[in-house]
Amino acid sequence: MIYLMLAGAILAEVVATVCLRASAGFTKVLPSVVVVVGYITAFALLSQVLKRGMALGLAYGIWAGIGVALVALAGVVFFQDRFSWLQVLGLALVAAGVVALELGQQH
């Protein structure tokens with residue numbers, strides 16, 4: 001259940017961040033509302049994950065790492081952002097860091 005809540009927090013944060021760009025500086029109402037609701041939802045779910053006992057560094061590492069990767073991919077899909085090979089390597093290193101945090105927590 002705790003990982004499902006964390007996944008919800010990540011998804012809410014990613015949707016909010018994508019809508020942040022779509023809001024055009026908060027000049028478009030619907031994306032602006034999604035930004036506010038998304039971030040509130042993300043932090044509410046993240047706080048519940050922490051309340052239920054997941055270590056802070058682990059929860060935040062997973063949340064931030066996966067969130068960064070998904071937002072970067074959303075930029076490519078929705079906004080035609082481009083990736084260099086160096087950026088792809090950076091995302092791979094972020095993913096490796098998340099895995100290392102998870103594996104380190106198990107010991």
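Reader: How many aromatic pairs does the structure hold?

Author: A pair of aromatic rings is described by the distance of the centres and the angle of the planes. Rings of Phe, Tyr and Trp (its six-membered ring) pair if their centres lie within 6.5 Å; planes under 30 degrees apart count as stacked, over 60 as edge-to-face and the rest as tilted. The structure holds two such pairs. In one of them, Y60 and W63 are tilted, at 5.5 Å centre to centre and 50° between the planes. F43, Y60 and W63 form one aromatic cluster.

Reader: What kind of model is this, and how are residues numbered?

Author: This is a predicted model, in which local features need pLDDT of at least 70 and side-chain atom pairs count only at pLDDT 80 or more, while totals for chains, interfaces and linings use all residues. Residues are numbered from 1 along each chain as its sequence is written, and side-chain values use heavy atoms, with hydrogens and water left out.

Reader: Where do Y60 and W63 sit in helix α3 relative to each other?

Author: Helices (H or I, at least four residues) and strands (E, at least two) are DSSP runs, numbered from the N terminus. Y60 and W63 are three residues apart in helix α3, so about one helical turn separates them.

Reader: Is W63 buried or exposed?

Author: Buried means under 20% relative accessible area, exposed over 50%, partly exposed in between (1.4 Å probe, protein chains only). W63 counts as buried because its relative accessibility is 8%. Y60, with a relative accessible area of 47%, is partly exposed. Of the 107 residues of the protein, 31% count as buried.

Reader: Which elements make up the protein?

Author: The protein has four helices and zero strands, in the order α-α-α-α from the N terminus on.

Reader: How do the axes of α3 and α4 cross?

Author: Axes are lines fitted to C-alpha atoms, for helices over the stretch in contact, and angles run from 0 to 180 degrees between N-to-C directions. Angles under 35 degrees count as roughly parallel, over 145 as roughly antiparallel, 65 to 115 as roughly perpendicular and the rest as oblique. Helix α3 (residues 56-79) and helix α4 (residues 85-105) have axes that come within 9 Å and cross at roughly 160°. They are therefore roughly antiparallel to each other.

Reader: Which residues of α3 and α4 make the contact?

Author: Contact means heavy atoms within 4.5 Å. On the α3 side the residues include G57, G61, G65 and A72, and on the α4 side they include L91, V98 and Q105. The residues of this contact divide into 10 nonpolar, four polar and one charged. Here Ala, Val, Leu, Ile, Met, Phe, Trp, Tyr, Cys and Pro count as nonpolar, Asp, Glu, Lys and Arg as charged, and the others, Gly among them, as polar.

Reader: How do α1 and α3 cross?

Author: Their axes come within 9 Å and cross at roughly 40°; α1 and α3 are therefore oblique to each other. Residues in α1 that meet α3 include L6, I10 and V14. This contact divides into 17 nonpolar, two polar and two charged residues.

Reader: Which residues does V18 touch?

Author: V18 lies in helix α1 (residues 2-22) and touches A74, F78 and F79, not counting residues up to four places away in sequence. The C-alpha atoms of V18 and A74 are separated by 7.1 Å, although the two residues are 56 apart along the chain. V18 counts as buried, at 18% relative accessibility.
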